[in-house]
Amino acid sequence: MGSTSPSPPQPPRFDVRRIAVVGAGPSGLAVARYLLAQGAFPKVDVFEQQAEVGGVWNYCAVPRPRGELPVPQTTAFPGWLEQPVFVDGEDGDGEGRGKPLFPSPMYDELNTNIPHTIMKYSDCEFREGCEIFPRREDVLEYLVRYAKDVRHAIKFSTQVTDIALREKNAQKPWEERDQWDVSTTNLVTREKNKEVYDAVVVASGHYSTPYIPDGIEDIKAFHKAHPNVISHSKLYRNAESYKGKKVVVVGTGASGLDIAAQIRRVSQTPLIVSAREGATEEALEHFGAGKFVQVGQIKRFLVEERGIEFYPLENEDEDGDRKPTKTDTTEKPTIIEKDVDVVLFCTGYLFTFPFLTTLADPTLVTDGRRVFGLAKHFLHINHPTLAFPGLPIKVIPFPLTEAQGSVLARLWSNTLPLPPRSALEEMEREDGDRTNPGKYHVFPKGGDGQYINELHDWVMRDGGGVTGGKEPPYWDGELLWQRGIYIEAKMQFEKTGKSAKTLAELGFVYEPKGAGSVDDVAS
């Protein structure tokens, strides 16, 4: 009888009973709801360092002092856990301090950039009569209401200080069942605790560590000489402190333009907007004629003049690649501005996990621009009982994290088979092939709709269908259409006084024969 080749090793079946979720923001809440709805896990603990749910939407009127902001800030390994600020009120620590808060980037006058009809979770509506682009207060109220079914599982004012893979698992990934030591500190009682979990969901968000580039000549010397000039949008609350000042806003993302539009009402004119490429004509309607000037990236800081030298603007294509032009061979003159009062960097954030530093092969983060070793942007390949929902950028985050939560609930309950390791590795490679370096988690236009529907189809096809667990969202033609027009709709919302309650009031009416696929949205 001839010999036969051994069957390839099968992906391990999970034995997950105890799950830790780090964070009760939008991602953590969505995943926790799917895990609890699965009914397969005896213990699901959600650790939230704030005193309330909401994550980035949990507004704090007082930002951190500007003096605490490192300039530049490019390290994804700050070496310390973020410390809370304490405000007066109930639930204090018994020593005269109020409840612990962690100031987020949320500012006073803020409406969402996306309509609530597409922003919402699949099973929870925004309040009746809400503006179509909700105010930050409405979003927080919505999240508090959405959290009611998981609130019993949340440990508030509890900071995760360390997550470590148990020693028996560290040497043989995929051969031993993972277990994790999760260490926490109660920020009110200061009680420390350590518990063992079979799976961990890291939903701590990515708006904690501001990014301020260090490749700009003399930025350190400038900051040392003028320590109160450079700031970051995370510290912005309102325009009052910018009144009458000469201001430079660095960055033309959605928040950068929104903040610039608020500041230019009270600052010296023109307000200066610095970026590699100019903002679109539609976006510039935020500002008003004669109220601003666009310049290129910062070339260097001028210490003695309290000034800045700027490059001219570059032309780029939609993927961020520089377009060759007839003038590329000609040296364009730089622009110099002196006596600058404020430089506000609206340049985004770094992925940082200060409580998760022992994972290697691959290193989880290097420069903070992406998270390594993940399939489909959230499932750790070497240790598939570790997940990072909510990492993608330029997406509609609430339904996207619902889809991820559905996958995790069915995987860890053995309702959805885990793909072979080779398939997970191929997923990571394919995701990398579709992006530019440094933009791994930045989705292209329409990419979130495709992603949501792919995860839905995977779960429903291979994970037990409607009886296998809570069904994830699926974007039909109308939702895909909304995804394609929401930027234009937001501009119209701004121009008409920020009071519209529906897209139809803004002149946007869905016609079923319109965009019905992801390809239509991305075109």
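Two strands are said to pair if DSSP finds at least two bridges between them. With that in mind, the following points describe a predicted model, beginning with strand S18 and two strands that pair with S18.

**Strand S18 and its partners**

- Strand S18 covers residues 342-345, and from it Val342 and Leu344 point one way while Val343 and Phe345 point the other way, with all of them buried.
- Strand S11, made of residues 230-232, pairs with S18 in the parallel sense over three bridges, and within this pairing Ile230 stands opposite Val343 of S18.
- Strand S12, made of residues 247-250, also pairs with S18 in the parallel sense, here over four bridges, and Val248 has Val343 in S18 as its bridge partner.

**The nonpolar cores**

- The largest nonpolar core holds 80 residues, and those with the most contacts inside it are Ile19, Leu35, Val201, Ile263 and Trp412.
- Helix H8, which spans residues 397-412, gives the most to this core, contributing eight residues.
- A second, separate core has 24 residues, among them Ala20, Phe353, Leu356 and Phe388.
- Setting aside residues up to four places away in sequence, Val201 touches Ile19, Ala20, Val21, Val22, Val31, Leu35, Ala387, Pro389, Leu408 and Trp412.

**Helices H8 and H10**

- How do H8 and H10 lie relative to each other, roughly parallel or roughly antiparallel? The axes of H8 and helix H10 (residues 447-462) come within 9 Å and cross at roughly 25 degrees. Because angles under 35 degrees count as roughly parallel, H8 is roughly parallel to H10.
- The crossing of these two helices, H8 and H10, is left-handed.
- On the H8 side, the residues that meet H10 are Pro399, Leu400, Ala403, Gln404, Ser406, Val407 and Arg410, while on the H10 side they are Asp448, Tyr451, Ile452, Leu455, Trp458, Val459 and Met460.

**Lys245 in its loop**

- Lys245 is placed in the loop between S11 and S12.
- Lys245 has a relative accessibility of 33% and therefore counts as partly exposed, since that class lies between the limits of under 20% for buried and over 50% for exposed.
- Although Lys245 and Gln268 are 23 residues apart along the chain, their C-alpha atoms are separated by 5.3 Å.
- Leaving out neighbours within four places in sequence, Lys245 is in contact with Ser267, Gln268, Asp341 and Val342, and Val342 is one of the buried residues of strand S18.

Definitions and conventions:
Residues numbered from 1 in each chain as written. Predicted model: local features only at pLDDT ≥ 70, side-chain atom pairs only at ≥ 80, totals over all residues. Heavy atoms only, no water. Core = buried A, V, L, I, M, F, W, Y, C linked by side-chain atoms within 4.5 Å. Buried < 20%, exposed > 50% of the residue type's maximum accessible area, 1.4 Å probe, protein only. Contact = heavy atoms within 4.5 Å. Axes fitted to C-alpha atoms, helices over the stretch in contact; angles between N-to-C directions. Parallel < 35°, antiparallel > 145°, perpendicular 65-115°, else oblique. Left-handed = near helix turned anticlockwise from the far one by under 90°.
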